[in-house]
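The tour goes stop by stop.

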Amino acid sequence: MTDAPSRQGTILTTMTKPLSRNEMRARAVTFAARWKDETSERGQSQSFWTEFLGIYGVDRKRVAAFEQLAKRTSTGNYGFIDLYWPGVLIAEQKSAGKDLDEAEQQALDYLTEIKQSDFPGLVITSDFARIRILDLEAKDPKPVEIKTADLGKEYERFLFIAGYARQTFEQEIEANVEASELMGQLYDAAEAAGYKDHEANVLLTRLLFLMFGDDTAMWARGLFYSFVHDRTSDDASDLGAQLAMLFQVLNTPETERPKNLDQTLVDFPYVNGGLFSENLRIAAFTPDMRHALIKAMRFGWGSISPAVFGSLFQSVKSKELRRELGEHYTTESAIMKVIGPLFLDELKDRLASAKGSPQKLRNFRKDLSSYNFLDPACGCGNFLIVSYREMRRLELAVLVQLRELKEDNQLSLDPTLGLQVTVEQFSGIEIEEWPAKVAETAMFLVDHQMNLELAEEFGLTPDRLPIKKMLNVQVANALRTDWRSVCPITDKTFILGNPPFIGSTFLSDEQRQDQEMTWGGGKGTGTLDYVTNWHLTAARLIQGSKARVAFVSTNSITHGEQPAVLWGQGLWPLNMKIDFAHRTFPWVSEAARGAAVHCVIIGFSDRSNQVAPRLWGSPDDHGVSTEMATSHINPYLIDAPDVIVQNRRAPLDPDSQVMVYGSKPTDGGHLSNISTAEAETIRDSDPIAARYLRPLIGAEELINGVERWCLWLVDAPPADLRSSETLRQRVDAVQKMRSASKDKTTRADAATPSLFQKIRQPSTTYLAVPSVSSERRRYVPMALTQPTTVANNLLLMVPNANLYTFGVLHGRPFQVWNAAVSGRLKSDMRISAEITYNNYPWPIADDATRATIETAAQGVLDARAAHPGSSLADLYDAIAMPPDLAKAHDQLDRAVLTAYSLKANATDAEVLTALFTRYEGLVAPMGALLDKKKGRRRGE
């Protein structure tokens, strides 16, 4: 990645509000009909490109120029770029039938003369009949070409232009991984030289600072490299001492240094800021260690964003962590998802509206200094660093516009005087000293990068050495610290970050105490993820103000039991509401094996803060998250009423069958885990035991068609238990296993060793429902099952189920409901009776509607039966689902949707709105009745 502003950021500043995809599609169809004629002449190119950009809501006059004079590298002569949008795209137009390869090469020929900050990410060429795009930011740029006549159905290929940029960070990621490995090698060398833990961390921080400074004009380029390469011996015998001397020099003002210093040392500036103040022991280096340092120094550290420095340091301490870098690395794309809708998009809109008005620009610039930013779990400062960079770039954009307007004479003299955005506006809280120190260093480095961008425009840069201002990071437990002592909480405060991703079952004793102190031990708070403590603390601090909060969080806080506690007991009573959200997305990993974390982003503020809600869906197969039209966002991150789905012991609909778990063996597998081969042996050798063999299914057996057996001894007389060698041995083993258990209940159940610990097996046909199902399946595969097949406790059951039950629960509305409210195991859906099933608002169906659903349900069963060799996993695979089964499910979906008065093409959002509206109508009377019985009014 370059230091140039992101293409998406550049685009968004030119748009007041993104168009919907339907609007863009309609414009593309109109455009295709107008320009598909292959006889169009080149002279019409200006109209062509103006209308093309207009498809995506971009006003060409505001952003791009026609016939831009530029120098061609291949010839040295000057030519005209047909269309040039600085920082975004360059386009070349040819007459009908001309060679687009030639046009593309001509466009590329101009690029070397374009300055870095204006370098375009896209090259687009056309001959009217065809349009070709080349994404220069892709890892392996290859042109994509379509017919103009097909633009109506291919318009999404060019969503880059509308700001839906599929920002690819492959090159950045490759560089970061390589940098991480180099830092790891340096850490290994430091350890081998005698530095341990804290000292090794301090040493690496200093080395990174020096290597970055070498590459970014912090002093004479390559000065540190020359010092190590030329002033230390090949055998490294003096490397430790020389580094110690250098660190001492860097911590000493020039006026206080010895007079007879080596000239190379003299050339280093005074750094200050505490980075070089600590005295480290002089360690012994070997030639291999010196080689590792020189190898690292040859890497282009100037290309590494300081936003990821923390990840590099966190990953260096072990080879395993180096491979799993993604568990710690917050990509800039994830950070931008937070800061964009939190504050950056609005500020960019204000900048765009101030264009051309010197007074508005000055007022906007001054206002930038009034904001403050707090990350109360800042780690190595990634969110603060990127936020600071973007604020500095906004101020730089103002300075450039003022210069162009020639309204500020001071800019021509020294634009560095009176910079409004300063490091003091940014604060953090971090529980560990080491990441806090890295955050301070990284902030200084990104400040230096921003000064270089300023110098590129104006030729001047602030002198930041010696360091006088550092990022304010308080080393403390954020949940036991008054955040106001670190950062003022005002109407212009933004609180942001990604607090720790820890589920309730994995909390340490200290973290459990944190949770108890934060929530006060309320009902259900023990089930909350650790991150919710930051949500509640922030909400208490911003209540009644216009301050805003946005956290990356584990997605489990939007599913299952947690929304009812987080919002019902925590945020709603504090008058909070959701301003924006990103639905579930995988936590981006740079590692070969990705980190198994699925996250959401939730931005919230006080209800008095009038903010138009914005909602993004989960990423598609290309990793693109699309913003969805919404008027409100509820705790499940959907456009639906503010209701919460709580644990319910019985179905909301009294006419619905109950859902229960299958029988729980707790037998060590002696009764419940019998393979087909073992069952055959029992049949051959023990006819008494054979009479009690029953098929057994759990979620695995149901979905994957695994054959498993159990000994179901509910009705077995004592005589059979005594006379059967198989039964006697297995029952005895169960008794010994339960007797040795630490659980009191299990020890008590040793008295009945022939029985499953919990028996719930129905005597009628039941619907078998897996408790966990992959998110990749369109439908949760269920099966009507005979009572002779025993269900264990890894399976849910609906006893007395019929075709109507099967049909409704296989219909699309239940699938959408399940995806919205059920808990998660990673990204897979975890169905529960208490949350998912008992709260489901069944449709109001007359006899005719029921009959239609039952007929469609039978069609699904018939389609399954047509594939006897396939398991449910095979039949419901996202790719392998048979066409006849897919068609049968489509018919069932239509029947169930009709029962909810929904059309067959209803979107998921429309389905959820209908379900939550019905749910709200069902629970409101029940709540009013309950309140009446308790003698209180609604809302008290």
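How many bridges pair strand E19 with E23, and in which sense? Select residues 766–770, which are strand E19, together with E23: they pair in the antiparallel sense over five bridges. Helices (H or I, at least four residues) and strands (E, at least two) are DSSP runs, numbered from the N terminus. Two strands pair if DSSP finds at least two bridges between them.

Some ground rules come with the model. It is predicted, so to speak of local features takes pLDDT of at least 70 and side-chain atom pairs count only at pLDDT 80 or more, while totals for chains, interfaces and linings use all residues. Residues are numbered from 1 along each chain as its sequence is written, and side-chain values use heavy atoms, with hydrogens and water left out.

**Stop 1: the sheet**

E16 pairs with E23 in the antiparallel sense over two bridges. Tyrosine 661 stands opposite leucine 796 in E23.

Now show the whole open sheet. Its four strands run in the order E16-E23-E19-E21, with antiparallel pairing. E16 and strand E21 (783–785) stand at the edges; each has a single partner strand, so one side of each is left without a neighbour in the sheet. Next, select helix H29 (residues 803–810). H29 packs on the sheet and touches E19, E21 and E23. The direction of H29 makes about 20° with that of E19. Axes are lines fitted to C-alpha atoms, for helices over the stretch in contact, and angles run from 0 to 180 degrees between N-to-C directions.

Color E23 (residues 795–799) by accessibility. Five of its five residues are buried. Buried means under 20% relative accessible area, exposed over 50%, and partly exposed in between (1.4 Å probe, protein chains only). In a regular strand the side chains alternate between the two faces of the sheet. Leu795, Met797 and Pro799 point one way from E23, and Leu796 and Val798 the other way.

**Stop 2: lysine 664**

Select lysine 664, in the loop between strand E16 (660–661) and helix H23 (676–685). Leaving out residues up to four places away in sequence, lysine 664 touches Phe756, Gln757, Lys758, Arg760 and Asn793. Contact means heavy atoms within 4.5 Å. Draw a C-alpha to C-alpha distance to glutamine 757: 5.7 Å in space, against 93 residues in sequence.

**Stop 3: rings**

Show the aromatic side chains. The whole structure holds 29 aromatic pairs. Rings of Phe, Tyr and Trp (its six-membered ring) pair if their centres lie within 6.5 Å; planes under 30 degrees apart count as stacked, over 60 as edge-to-face and the rest as tilted.

Go to phenylalanine 48 and phenylalanine 128. They form an edge-to-face pair, 5.3 Å centre to centre with 85° between the planes. Phenylalanine 48 is in helix H3 (residues 45–55), and phenylalanine 128 is in the loop between strand E4 (122–126) and strand E5 (130–135), 80 residues apart. Phenylalanine 48 counts as buried at 0% relative accessibility, and phenylalanine 128 counts as buried at 0%.

Move to phenylalanine 343 and phenylalanine 373. This pair is edge-to-face too, at 5.0 Å centre to centre and 65° between the planes. Phenylalanine 343 lies in helix H15 (residues 332–354) and phenylalanine 373 in strand E7 (residues 372–375), so the pair ties together parts 30 residues apart in sequence.

For a cluster linked by ring pairs, select Tyr636, Tyr804, Phe814, Trp817, Tyr837, Tyr840, Trp842, Tyr900, Phe916 and Tyr919.

Two arginines come next. Arginine 206 lies over the face of phenylalanine 247, at 4.9 Å from the ring centre. Arginine 683 lies over the face of tryptophan 709, at 4.6 Å from the ring centre. A charge sits over a ring if NZ of Lys or CZ of Arg is within 6 Å of the ring centre and within 35 degrees of the ring normal.

**Stop 4: helices**

Select helix H8 (residues 198–215) and helix H9 (residues 223–231). They pack at an angle of about 115°, with their axes 7 Å apart. Leu207, Leu210, Met211 and Asp214 of H8 meet Leu223, Phe224 and Tyr225 of H9.

Finish at helix H22 (residues 562–571), where eight of its 10 residues are buried. Its cover includes helix H20 (509–519), helix H21 (532–542), strand E12 (576–586) and strand E13 (598–606).
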